[in-house]
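Notebook open, structure loaded. I want to go through the sheet, the domains and the chain contacts in turn.

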Amino acid sequence: MPDNQDQLLHDITNREYEHGWSVDLDAETLDPGLTEETVRFISAKKNEPVWLLDWRLKAFRHWQKMTEPHWGLLHYPSINYQALSYYSAPKKKPELNSLDEVDPELLKTFNRLGISLQEQKMLAGVAVDAVIDSVSVKTTFKEKLAEKGVIFCALSEAVQQYPDLVKAYLGTVVPIKDNFFAALNSAVFSDGSFVYIPKGVRCPMELSTYFRINAMNTGQFERTLIIADDDSYVSYLEGCTAPMRDENQLHAAVVELVALNRAHIKYSTVQNWYPGDKNGKGGIYNFVTKRGNCLGQHSLISWTQVETGSSITWKYPSVLLKGDGSKGEFFSVAVTANAQQADTGTKMVHLGKNTGSTIISKGISAGNSNNSYRGLVKIAPSATGARNFSQCDSLLLGNSCGAHTFPNIEVDNATGKVEHEATTSKIAEDQIFYLNQRGIPTEKAVALIVNGYCREVLDQLPMEFAVEARKLLEISLEGSVG
Amino acid sequence: MLEIKNLHASIDGKPILNGLNLHIQAGEVHAIMGPNGSGKSTLASIIAGNEAYQITEGDIVFMGSSLLDLQPHQRAAAGVFLAFQYPVEIPGVSMMNFMKTAINEIRAQKGLEPMEASDFLKLVREKQALVELDSKLANRSVNQGFSGGEKKRNEVFQMAMLDPKLAVLDETDSGLDIDALRIVAQGVNTLRNAHNAFLVITHYQRLLDYIVPDVVHVLANGKIIKSGNKDLALELEAKGYDWILETPQA
């Protein structure tokens with residue numbers, strides 16, 4: 001194994017035509033295929049230290065021995081991993097001169113979601129003036145964070161600038177062998193966010209990828225690592241309510257959160273990837289591993305997600321409750337319409353004493369879609385005094401959709417208290433008629449009822465995000481009641 | 001304002017209304033009384049456009065055009081309001097959000113811009129006072145955890161907010177104690193003017209002591225069998241319905 005980067009680069013660039021294909025380090029895009037060379041290429045391209053290359057290779061070798069999981073209530077053809085390309089240089093979106101050149105349908109959606117003009121331009125790839133607000137906003141933003149000692153940058157940048165921090169925590173929450181998609185991500189991850197909040201610091205603003213320069217197009221294998229040191233607080237926003245299309249069908253992201261003593265991490269996601277056409281054709285496959293580790297005493301990790309997009313969603317944001325008195329929360333709204341399939345939920349693993357967890361899951365299915373909640377609440381022998389409350393509600397719109405609940409509860413400590421509530425309901429005709437009678441058309445009435453049904457979860461989202469998420473729910477369910 | 005002509009309606013093939021006629025003019029309050037199962041609540045639902053009922057014959061003309069062509073939300077925008085006998089709960093939807101949506105959807109149907117937030121809040125405060133509705137209720141979910149009396153007062157509050165041309169009150173007095181009854185009646189009396197009309201469906205004469213009707217109708221077996229002034233209600237209270245039902249109608 002080469003022990004310095006130059007040597008590595010040299011080795012790779014000179015190993016021409018091995019395995020029948022050439023490595024061109026100037027290449028913008030790799031040909032389809034996944035071998036050890038692919039992993040080495042990605043690592044070299046990012047100028048990574050040897051320990052990270054080794055880490056990727058270890059993950060890759062393990063991944064080769066694994067098989068794609070199919071235990072979820074999801075139907076999709078097996079993915080041909082050799083037919084995918086694993087590297088393409090961050091591409092600039094086609095630059096347009098003004099919003100007039102953008103697809104009017106897209107603009108209509110932006111407006112209905114209440115997205116600001118400035119943000120619309122960014123999302124649609126319209127060129128913005130150099131002195132425009134967003135640039136200065138970003139600069140002030142960076143200055144403010146630096147003042148507090150908060151690190152918020154691309155993971156690839158963190159690898160170069162804060163290697164000790166990355167090395168100490170990367171893969172500690174989601175080990176490379178954790179599951180098929182996590183192993184794949186570990187081997188070929190493209191980029192993502194890195195956050196470190198120093199001791200005692202309350203992050204002065206919501207961190208969102210929108211403010212991270214070069215954050216767009218981090219690729220299909222995104223990897224995020226957030227570390228909150230003792231007595232710190234951070235709220236992180238992922239995703240965007242605007243409809244996101246991507247040429248890559250497979251997305252396998254990994255998110256790791258580490259909360260030290262009394263730290264609080266709030267992680268909110270709005271996911272609106274392209275769900276495909278009426279039959280689900282062309283939609284994104286979203287296989288995500290998200291996990292937080294409440295390592296410190298009395299730490300708190302809170303996941304909030306609003307999932308409306310993707311053709312397939314396979315996602316279980318979880319919390320390991322190691323620190324005594326630590327708490328995990330999971331608030332989720334998952335909407336499926338047309339032919340969408342979602343198998344989502346959470347795992348709360350109680351290891352420390354007096355740990356607590358709360359799960360509020362709201363599934364909404366419409367059309368021919370299938371929506372499953374899959375959860376695990378585990379109370380280990382060491383977790384004396386642990387308690388959990390779970391509430392899993394399903395709402396059905398129409399007669400051809402499905403809602404399923406798979407709650408697993410394992411209690412190995414007699415002092416554990418676990419409560420589970422589950423309901424399945426349909427929107428009542430008399431509720432719709434009541435709203436109709438007050439002048440509200442049926443489609444809007446359904447949106448109002450659905451929003452009310454999700455209120456406990458939406459209330460967890462930061463204000464502006466919540467407003468957009470409400471509108472997104474409305475748009476997602478359009479035409480599903482008739 | 002409202003002209004119901006020879007209305008026949010049924011549910012699941014079972015006839016409920018059998019040739020009902022009713023004429024209400026602006027500025028009038030009409031009361032409909034009648035024994036259980038006579039079709040009183042059905043009439044209210046049909047005016048509002050409940051699709052569970054089939055209209056087999058006749059017409060409902062409101063402000064010069066047929067209501068039958070309009071969907072329930074369009075009827076609301078045209079100025080028809082129904083105070084429900086059993087208001088449903090809508091969990092998680094705040095009264096404020098609900099009322100704001102209702103007002104703005106009606107405005108949208110009329111081609112008007114949404115109401116300014118400050119005007120809306122002013123309106124809420126004013127109308128809340130009218131029905132003595134606790135301001136805390138406005139922040140709660142629609143009808144959720146409301147007492148029976150609060151639900152009914154909430155119906156009158158909504159009526160005041162939407163300011164309809166024709167308000168149908170479906171047994172709004174049922175389950176109300178005397179204080180709540182007084183508040184509800186006071187709300188209605190304040191809203192009464194020369195340009196709107198009320199159709200008050202009730203089982204008991206009691207409500208009509210507070211909301212004095214111009215005309216009282218008796219509904220039995222799906223049609224109006226007798227109409228009169230407010231004294232008819234008193235007579236019904238004293239004698240019951242049997243004496244009318246036994247008298248063949250001309």
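Started with helix 13 of chain A, residues 463–476, in what is a predicted model. I checked what helix 13 lies across: strand 5, strand 8 (264–271), strand 10 (300–307) and strand 13 (327–336) of chain A. Against strand 8 of chain A, helix 13 runs at about 30°.

Next I traced the sheet in chain A. It is an open sheet of 8 strands, paired in parallel, and I wrote the order down as 3-5-8-10-13-15-17-19. Which strands stand at the edges? Strand 3 (207–208) and strand 19 (417–426) of chain A do, and each has a single partner strand, so one side of each has no neighbour in the sheet.

Strand 3 of chain A is joined by 2 bridges to strand 5 (residues 233–239) of chain A, and the two run parallel. I looked up the partner of A:L207 in strand 5 of chain A and got A:Y236.

Then the domains. Chain A splits into domain 1 (5–65) and domain 2 (100–425). I found 15 residues of domain 1 in contact with 13 residues of domain 2, both in chain A. On the domain 1 side, helix 2 (36–45) and helix 3 (50–64) of chain A each give two or more residues, and helix 3 gives the most, with 9. By class, that side has 9 nonpolar, 2 polar and 4 charged residues.

Last, chain A against chain B. Here 18 residues of chain A are in contact with 22 of chain B. For chain A, helix 10 (429–437) and helix 11 (442–453) are the elements giving two or more residues to this side. I noted its make-up as 8 nonpolar, 6 polar and 4 charged residues.

How values were computed
Residues numbered from 1 in each chain as written. Chains lettered and ligands numbered in written order. Predicted model: local features only at pLDDT ≥ 70, side-chain atom pairs only at ≥ 80, totals over all residues. Contact = placed C-beta atoms within 7 Å. Helix = DSSP H or I, 4+ residues; strand = E, 2+ residues; numbered from the N terminus. Nonpolar A, V, L, I, M, F, W, Y, C, P; charged D, E, K, R; others polar. Domains from an automatic or database assignment. Pairing = 2+ DSSP bridges. Axes fitted to C-alpha atoms, helices over the stretch in contact; angles between N-to-C directions.
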